[in-house]
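Please examine the sequence and the model shown here before reading on. The report that follows treats selected features one by one.

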Amino acid sequence: MIDTACRIADVVFKNPIVMASGTFGFGREYARYYDLSKLGGLSGKGLTLHPKEGNSGLRVWETSSGLLNSVGLENPGIERFLAEEAPFWEPLNTVRIVNLGGHSYAEYEEGAALLEAYSLRSRVRGQAAYDLIELNISCPNVKEGGMAYGIHTETAREVVKLVRRATTLPLVVKLSPNAHDLVGMAAMCEEEGADGLSLVNTFSAMKIDIRKRRSVFQNKYAGLSGPAIKPIALRMVHEVCQAISIPVMGMGGISSAEDVIEFIMAGAETVQIGTHNFVHLRAGEELAAGLEAFMRLEGIRSLAEIRGIV
Amino acid sequence: MIDTACRIADVVFKNPIVMASGTFGFGREYARYYDLSKLGGLSGKGLTLHPKEGNSGLRVWETSSGLLNSVGLENPGIERFLAEEAPFWEPLNTVRIVNLGGHSYAEYEEGAALLEAYSLRSRVRGQAAYDLIELNISCPNVKEGGMAYGIHTETAREVVKLVRRATTLPLVVKLSPNAHDLVGMAAMCEEEGADGLSLVNTFSAMKIDIRKRRSVFQNKYAGLSGPAIKPIALRMVHEVCQAISIPVMGMGGISSAEDVIEFIMAGAETVQIGTHNFVHLRAGEELAAGLEAFMRLEGIRSLAEIRGIV
Amino acid sequence: MATALILDNIQVSPGIFLMTVQSGMGGRPGQFYMLRSWRNSPLLSRPISIYDVEDERVQFLYQVAGEGTRIWSRLRAGDEIGVEGPYGNGFPEPSGRLAFVGGGIGLAPFNYALKHWPGADVYLGFSHEAYLVREFERLSPKVIIDIGGYITDRIDLAEYDQVWVCGPEPMMLAMQRLNASAGTRGKVYVSLENRMACGIGACLVCSIRTSEGRKKACSDGPVFPVEEVVFE
Amino acid sequence: MATALILDNIQVSPGIFLMTVQSGMGGRPGQFYMLRSWRNSPLLSRPISIYDVEDERVQFLYQVAGEGTRIWSRLRAGDEIGVEGPYGNGFPEPSGRLAFVGGGIGLAPFNYALKHWPGADVYLGFSHEAYLVREFERLSPKVIIDIGGYITDRIDLAEYDQVWVCGPEPMMLAMQRLNASAGTRGKVYVSLENRMACGIGACLVCSIRTSEGRKKACSDGPVFPVEEVVFE
Ligand SMILES: Cc1cc2nc3c(=O)[nH]c(=O)nc-3n(C[C@H](O)[C@H](O)[C@H](O)COP(=O)(O)OP(=O)(O)OC[C@H]3O[C@@H](n4cnc5c(N)ncnc54)[C@H](O)[C@@H]3O)c2cc1C
Ligand SMILES: Cc1cc2nc3c(=O)[nH]c(=O)nc-3n(C[C@H](O)[C@H](O)[C@H](O)COP(=O)(O)OP(=O)(O)OC[C@H]3O[C@@H](n4cnc5c(N)ncnc54)[C@H](O)[C@@H]3O)c2cc1C
Ligand SMILES: Cc1cc2nc3c(=O)[nH]c(=O)nc-3n(C[C@H](O)[C@H](O)[C@H](O)COP(=O)(O)O)c2cc1C
Ligand SMILES: Cc1cc2nc3c(=O)[nH]c(=O)nc-3n(C[C@H](O)[C@H](O)[C@H](O)COP(=O)(O)O)c2cc1C
Ligand code: FES
Ligand code: FES
């Protein structure tokens, strides 16, 4: 028997393949193509307290082995999520993660409180709709000084504190590769009681339309994901795993079972799969199977044998 | 007439195409394939005061649209450079840039002093061998605390100060994309009297050999270059150009005349071409021609018309 | 990704190719597939309308626009291509007098649509050279062609109960204006060609602004009532 | 990059292909070309030895090892390929009794070498299946084949004045040991197959350690006296 189980706090993932926020909707669309119970988990589209329209103008651009996106947190807001999507999540046999964004301290705090309240009610009914909160402190447009919460450790600390206080759910903080001091940021999260980390979100990046002489995106910068960033993301995951002891969900450009193994060898507890979902409709299912096949081939019985081996 | 001239301090480049350090040797090899006077300039392999063997083990790995290298500043040392390479540089009709690395404050300072002394002597002879120093504060292995000089602004300030004091040559500081606060770093260089900046150097990144269960590189991390990093590098160049007023040599994954234009529109004075030299032997010549062709097509008479337009 | 055998891939006009693949995945008029015949580069699959479906075959008509379509243009019978689909809402069930308006490669969805609803009039605008006009003439009582002008000038909306449009954005804008002055709703439908990533409604990169709020071009569309769409 | 027309690209054994291109760029035995038939992916060109040169033709023998060589294996006569070269030092001018030792695809440079110096004995080691042995037998008085074993066990260095070796690293190490026990210098030469980027001596990624300090496999080599090389 091959053991691919992973754990963050008391949440057990049947395997390390978790779908990344923003690339998998709330799972409904992909559920028509494969059984979501093949997945270790899934993280829903980033939610904010209030519904958001997202960015206008072009939202996607391909680069060499990369994808620039400027969706800008378009989402139905937490209330509509709870009304329309949470019921779909309830029966799913996979770890369900709510990705929580925000544009002010208050919005983060209220959002977390709302999620907590619903979670308590649903657990009373004996039916949880989600298992984990993934706190996204790397959304590009925020009020205070125009600086994202995920860049400076001390600004981020405030958010982590507030959300940690507002919820009893296991909490993973999603870090930005644009953080000035990524390892310091990670250590702060551990100090403030996060149960885990996920990284990396997209890299701030740019594409200029040289004929129109302006940025392709109305927001000027957009977020880079995909295979192009994998070597940097892997280094970041490795560096963070060396420095802290809470579990890490590693991601950035993963597109094969071999890539999954690399992140686990770098120390990740689970991985997340984003852009690759667009390349292969059944990426989740295929990676889960590919991982098992690789482990069988190499005689690896449990991921613990190789986790953090490098 | 199309005017592609660029300028850093009193150094005039006939066009913005400058070959990046470490990818072009000292120009000798490429001179056998095309006329170096087609280039705006070239930056030689990074030099240290003493000769260096560089890293052992594998030195190169391809990633999706990227190149990981771990050459580790293999170089003949400044003395041998002056004896063997500087004479080859003297007659070249292109801007010649010495890329200066180091492993301690003292090494940087002595290196700069040596370059200054030779430069003065050769100018007395009426024959300069180089026009500009590019101070590389992003080499991965250094003594003090194992932390590269290019990460923390205040550590870097010391190096910039020492070198600035040691030379009368125009000075460009080459920044690392791994700097915690890239814009702060750039501002510091401007404060300390740098005549320009060049960015980006390679991104710290990683590749794991999952069969051998170890990093592919003996140094664990290596430097990522090539088209994969272009969108991030372009954003960084744009961000820095918005914040400072000294000229910037922009680079990172440039592989076409269109890419050159993007960096110039983002605010760069010149660009540099690294990895693309490996993809096209005559990259320098082709990009210089391609740039002129593009300008003609778009009716751009001078780069000033478009520089920093975005 | 499902893999399909290429049975044929021929140039029908300069830069315009018709590809026939062996696949029973079928689809309705106005739906599309995501296709790819490369591993990493370009990264994304490309959305292409159904040109025709017959038994175990699906046909795609494509114009060489960039890297992806250029790669396809070099494929030969016997090669394989990755296909996912059919995706999208497709055209609505029409009623009354029907017209199709295609601009350039935007004619692609209307061949299959004509097979379903052969009575429709067809308006085709080309910038340089017309192609596949015969095919349309075999199925339609009236095929109006314009080369180098504005095909939208040739259509009188009042003659039709339903008008379906696919073409470059300026053409769709023109139809939106025509429709606005006529003041009708639910008559003119456009098929949008936004860039897509997932193709199934999960990533929101194809999101468009409509009078009914944000919608997904790939899964709420690609076919929308023209008065709903807010072109940016 | 110079572009050459592919005249032929045939499989000569499972996974082994012989490509003939039209090019007058020529070269000496032991030199190599950098080849690419893709735009972006993989990023680098691939170094391949000269298998043969004749008039306006150059031949390359390659084994499908990964992405790049797999792409080549699908090319057909009439396609084009980017070529730069010839690069590298090539084999030295030999003197006396000469032997070539090739392991697997490492035999590639010796066909052309034999044409220049037809008297040489040839030792070829294969892991599974021998190929192109006839070609060698036509030119060499003595061709020794080993399949699945160690071809290096079959050679007596004392019989030769000059021995040139190309093959996998364990084989070159074995030759280094043989040579060390014989205590000769300047007799055994190995052709190295390090990963390369620029191919011309400018980037130092192919740098090897030697008893004479660091050298560049691409431009100081790929052929080195075996006793100089420090295998890592
Ligand atoms: C539902 C749907 C159905 C379609 N049906 C057909 C069809 O039947 N036949 C057909 O030929 N085409 C069809 N298209 C268009 C087709 O998908 C594109 O032409 C194709 O994706 C181009 O791919 P490429 O790799 O060849 O070009 P690319 O290299 O991707 O780009 C081609 C051109 O588009 C520009 N471009 C690149 N990225 C963007 C972006 N994000 N936004 C705007 N412009 C960009 C480029 O600058 C370039 O000029 C359809 C599109 C959609 C959404
Ligand atoms: C001077 C010279 C002459 C050569 N002549 C020939 C010849 O005549 N015929 C021939 O078939 N081959 C020859 N080679 C080897 C040939 O260059 C390689 O087999 C080829 O580059 C493989 O490219 P690929 O894209 O198919 O494989 P890749 O996908 O690049 O890799 C193939 C294998 O190598 C491994 N690999 C990838 N990167 C590295 C790395 N940096 N270091 C070590 N291993 C790595 C991969 O894991 C994989 O197993 C020569 C090499 C040199 C340097
Ligand atoms: C279209 C798109 C939308 C995304 N939306 C979110 C989001 O809402 N919340 C979030 O935390 N991350 C979001 N991300 C980031 C991904 O979850 C992931 O961190 C990133 O894409 C890197 O992984 P990848 O290279 O595997 O895609 C988004 C990424 C993409 C491509
Ligand atoms: C093989 C290699 C060696 C390099 N050596 C140096 C060096 O010695 N000094 C330096 O400042 N940068 C060095 N660089 C970094 C390049 O000059 C450049 O900053 C980087 O590669 C990004 O540009 P590119 O994407 O165009 O290659 C090296 C890069 C490569 C690929
Ligand atoms: S392409 Fe992903 S939602 Fe439409
Ligand atoms: S490959 Fe660049 S020096 Fe050898």
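How many aromatic pairs does a search of the whole structure find over all chains?

## Aromatic pairs

The search finds 42 aromatic pairs over all chains. Rings of Phe, Tyr and Trp (for Trp, its six-membered ring) pair if their centres lie within 6.5 Å; planes under 30 degrees apart count as stacked, planes over 60 degrees apart as edge-to-face, and the rest as tilted. One of these pairs is formed by D:Phe91 and D:Phe110, with 5.6 Å from centre to centre and 20° between the planes, and is stacked. The pair links distant parts of the chain, 19 residues apart: D:Phe91 belongs to the loop between E7 and strand E8 (98-103) of chain D, and D:Phe110 to helix H2 (residues 108-116) of chain D. Helices (H or I, at least four residues) and strands (E, at least two) are DSSP runs, numbered from the N terminus.

## Basis of the model

This is a predicted model, in which local features need pLDDT of at least 70 and side-chain atom pairs count only at pLDDT 80 or more, while totals for chains, interfaces and linings use all residues. Residues are numbered from 1 along each chain as its sequence is written, chains are lettered from A and ligands numbered from 1 in the order in which they are written, and side-chain values use heavy atoms, with hydrogens and water left out.

## The site of ligand 2

Which chains contribute residues around ligand 2? Residues from chains B and D surround this ligand, so the site is shared between chains. A residue is near a molecule if one of its heavy atoms lies within 4 Å of it. The residues around ligand 2 number 23, and the closest are D:Arg46, D:Pro47, D:Gly68, D:Thr69 and D:Arg195. By class, 13 residues of this shell are nonpolar, 6 are polar and 4 are charged. Here Ala, Val, Leu, Ile, Met, Phe, Trp, Tyr, Cys and Pro count as nonpolar, Asp, Glu, Lys and Arg as charged, and the others, Gly among them, as polar.

Polar contacts are pairs of N or O atoms within 3.5 Å; within protein, one must be able to donate a hydrogen and the other to accept it, and residues adjacent in sequence count only if both atoms are side-chain atoms. A nitrogen atom of ligand 2 lies 2.8 Å from a polar backbone atom of D:Leu61, and an oxygen atom of the ligand lies 2.9 Å from a polar backbone atom of D:Gly66. The side chain of D:Arg195 has an N or O atom 2.7 Å from an oxygen atom of ligand 2. Taken alone, ligand 2 exposes 970 Å², of which the protein buries 78%; accessible areas come from the Shrake-Rupley method with a 1.4 Å probe, and for residues only the protein chains shown count as cover. Two or more residues of the shell come from each of strand E5 (60-63) of chain B and strand E4 (46-49), strand E6 (57-63) and helix H1 (67-73) of chain D. The largest share, 4 residues, comes from E4(D).

## The site of ligand 1

Ligand 1 lies between chains A and C. Of the 23 residues around ligand 1, the nearest are C:Arg46, C:Pro47, C:Gly68, C:Thr69 and C:Arg195. The largest share of this shell, 4 residues, is provided by E4(C).

Chain A takes part through A:Val60, where a polar backbone atom is 3.0 Å from a nitrogen atom of ligand 1. In chain C, a backbone N or O atom of C:Pro47 lies 2.7 Å from an oxygen atom of ligand 1, and one of C:Leu61 lies 2.8 Å from a nitrogen atom of the ligand. Of the 970 Å² of accessible area that ligand 1 has on its own, the protein covers 78%.

## Strands and barrel

In chain B, 8 strands close into a barrel in the order E3-E4-E7-E8-E9-E10-E15-E16, with parallel pairing. Two strands pair if DSSP finds at least two bridges between them. Strand E3 (residues 17-19) of chain B pairs with strand E16 (residues 270-273) of chain B in the parallel sense over 3 bridges, and B:Val18 stands opposite B:Gln272 in E16(B).

In chain D, strand E1 (residues 2-13) pairs in the antiparallel sense with strand E7 (residues 80-87) over 4 bridges. E1(D) also pairs in the antiparallel sense with strand E2 (residues 16-22) of chain D, over 7 bridges.

## Backbone details

The peptide bond from D:Gly85 to D:Pro86 is cis, with omega near -5°, and D:Pro86 is placed in strand E7 of chain D. B:Ala9 has a positive phi of about 50° although it is not a glycine.
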